[in-house]
Amino acid sequence: MRYAYAAARAWTPTAEQLQEFVGRYRSDELGITYDVRAAGDTLILSMRPGVVEDLVPTYLDGFRTRGAAVWFTHDEHGHVNAVHYGESRVWDLVATNTREK
């Protein structure tokens, strides 16, 4: 069985909009830190040196990569506070923004 999310409308973020997601995100559950950076109009996720994945926009604050969903959430002030990762065996792995760029 396969599920697909159909967004109300496509989201094509600008390079400036991608900058709000740039930072380091820590998962205490896995004991790792994810680095998110922007390269032009592409957002890139790195789990360790040499391993990078392009994040393809799907809906507002949401992306896809290699069969997984990645989405960002915001705090009450509108700042990105976490990245979430979901795929077949992992439904919502949360990594908290360390506020480091």
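Predicted model: local features only at pLDDT ≥ 70, side-chain atom pairs only at ≥ 80, totals over all residues.

**Terms and the values behind them**

Trainee: Where does aspartate 61 lie?

Mentor: In the loop between β4 and β5. In the hairpin of these two strands, which has two residues between them, aspartate 61 takes a positive phi near 70°. Leaving out residues up to four places away in sequence, aspartate 61 touches Trp11, Phe21, Val70, Trp71, Phe72 and His74.

Trainee: What makes the pair of aspartate 61 and histidine 74 a polar contact?

Mentor: A polar contact needs a pair of N or O atoms within 3.5 Å, one able to donate a hydrogen and the other to accept it. The side chains of aspartate 61 and histidine 74 make such a contact at 3.0 Å.

Trainee: How do you know that β4 and β5 pair?

Mentor: Count the bridges: pairing takes at least two. Three bridges join β4 to strand β5 (residues 62-65), and the two run antiparallel. Proline 57, for instance, stands opposite phenylalanine 63 in β5.

Trainee: What makes strands β3 and β4 a pair?

Mentor: Again at least two bridges are needed, and strand β3 (residues 42-48) and strand β4 (residues 51-59) have five, in the antiparallel sense. Isoleucine 44 stands opposite aspartate 54 in β4, and leucine 45 stands opposite glutamate 53. Their hairpin also has two residues between the strands, and there glycine 50 takes a positive phi near 85°.

Trainee: Which strands make up the closed barrel?

Mentor: Eight strands, running β1-β2-β3-β4-β5-β6-β7-β8 with antiparallel pairing. From one strand to the next, the twist averages 30°. Along the sequence, the pattern of the protein reads α-β-β-β-β-β-β-β-β, which comes to one helix and eight strands.

Trainee: Why does valine 36 count as buried?

Mentor: The cut-off is under 20%, and valine 36 has 3% relative accessibility, so it counts as buried. This residue lies in strand β2 (residues 32-39). Apart from neighbours within four places in sequence, valine 36 is in contact with residues including Phe21, Tyr25, Leu43 and Phe72.

Trainee: Which residues touch the most other members of the largest nonpolar core?

Mentor: Phe21, Tyr25, Leu43, Phe63 and Phe72, out of 18 residues in that core. The elements that give two or more residues to the core are β2, β3, β6 (68-74), β7 (80-86) and β8 (93-97). Leucine 43 has contacts beyond four places in sequence with Leu18, Phe21, Val36, Phe63 and Phe72, among others. In soluble globular proteins, nonpolar side chains tend to be buried together.

Trainee: How do you know that the radius of gyration agrees with a compact globule?

Mentor: With 101 residues, a compact globule would have a radius of gyration near 13 Å, and the protein has 13 Å, so the two agree. The C-alpha trace spans about 35 × 30 × 30 Å along its principal axes.

Trainee: And how much of the protein counts as buried?

Mentor: 34% of its 101 residues.

Terms used. Residues numbered from 1 in each chain as written. Heavy atoms only, no water. Helix = DSSP H or I, 4+ residues; strand = E, 2+ residues; numbered from the N terminus. Buried < 20%, exposed > 50% of the residue type's maximum accessible area, 1.4 Å probe, protein only. Contact = heavy atoms within 4.5 Å. Axes fitted to C-alpha atoms, helices over the stretch in contact; angles between N-to-C directions. Core = buried A, V, L, I, M, F, W, Y, C linked by side-chain atoms within 4.5 Å. Rg over C-alpha atoms; globule rule 2.2 N^0.38 Å.
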